[in-house]
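The structure is presented below.

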Amino acid sequence: MKLVMLGAPGTGKGTQGVRISKDLNIPNISTGDILRKAVSEETKLGIEAKQYMDQGKLVPDELIIGIVDERIREKDCENGFILDGFPRTVPQAQALDEILKATNDNIDFVLELVVGREQLVKRLTSRRVCESCGKVYNVISNPPPADSKCEACGGNIIQRSDDSEETVVNRLKIYEEKTKPLKEYYTAQDKLKEFDGNGTVEDVERSIREFLEHK
Ligand code: AP5
């Protein structure tokens, strides 16, 4: 199965993508994680991407499309994948369609998570992540261990540099301008399925699972 997670920053795309990928035994591909790894390794891509990410802006389409094209050709994607954070613009969605069309393939469903703005700002400014394995915590809903060491790998738990309130507000604005038009794009393809992302992590996961089980 080939799925796209769609939704504003903080709606829970990463949280749900990881859970669903375990259920379906397919990789969850987070473009944000790929870019953050490149930034921490100070690769050419990372150095270029950092200037956009720090301001909450999108990195240019031409940078990200090539990365995804390469990644979904890897062997672990043979039975499908979940894309978390891609596509984020109409040109990215068109490029993805073209890439898949080359092998007579296409996206099965686009799972959109919807959460109110006030809740999003709260979730993002209280998010913490492991800088080694990327495991996501939240000081309100899923607190990290008291010693700030990741329970999965022992790495340091930190706040993402783009989770400051100022950058979060900018990311939400950019989502409205650049990413929201994808709702229309995928509705026209009859692939969009909307989920209320306001419930608990388990509630949201259950509703996604129920939908996928009946497909
Ligand atoms: P990216 O890492 O993709 O960030 P994002 O889309 O802004 O999404 P987030 O990771 O912030 O949120 P999420 O929806 O995954 O929420 P999460 O599950 O963590 O991208 C970062 C940057 O990279 C971009 O700004 C851009 O610069 C660049 N980039 C990436 N892809 C790109 C692309 N395709 N094109 C161009 N540029 C690109 O949850 C958030 C918090 O809420 C967590 O603390 C979690 O524990 C908590 N939480 C989750 N679900 C619940 C729940 N149900 N109840 C309570 N708390 C919850």
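## Overall architecture

Nine helices and eight strands make up the secondary structure of the protein. The model is a predicted one.

The protein has a radius of gyration of 17 Å, which agrees with the value near 17 Å that a compact globule of 215 residues would have. Along its principal axes, the C-alpha trace spans about 50 × 40 × 35 Å. Of the contacts in the protein with a separation of 6 or more, 68% are between residues 24 or more positions apart.

## Burial, surface and charge

Among the 215 residues of the protein, 43% count as buried. The accessible surface comes to about 11600 Å², and carbon and sulfur atoms account for 47% of that surface.

The protein carries 32 positive and 38 negative side chains. The centres of these two sets lie 1 Å apart.

Lys2 belongs to strand S1, which covers residues 2–6. Its relative accessible area is 13%; because this value is under the 20% cut-off, Lys2 counts as buried.

The side chain of Lys2 is joined to the side chain of Asp105 by a polar contact of 3.0 Å.

Note on methods: Residues are numbered from 1 along each chain as its sequence is written. This is a predicted model: local features need pLDDT of at least 70, side-chain atom pairs count only at pLDDT 80 or more; totals for chains, interfaces and linings use all residues. Side-chain values use heavy atoms; hydrogens and water are left out. Helices (H or I, at least four residues) and strands (E, at least two) are DSSP runs, numbered from the N terminus. The radius of gyration is taken over C-alpha atoms; the globule rule is 2.2 Å times the number of residues to the power 0.38. Buried means under 20% relative accessible area, exposed over 50%, partly exposed in between (1.4 Å probe, protein chains only). Contact means heavy atoms within 4.5 Å. Accessible areas come from the Shrake-Rupley method with a 1.4 Å probe; for residues, only the protein chains shown count as cover. Lys and Arg count as positive and Asp and Glu as negative; His and the chain ends are not counted. The place of a charge is taken as NZ of Lys, CZ of Arg, CG of Asp or CD of Glu. A polar contact is a pair of N or O atoms within 3.5 Å; within protein, one must be able to donate a hydrogen and the other to accept it, and residues adjacent in sequence count only if both atoms are side-chain atoms.
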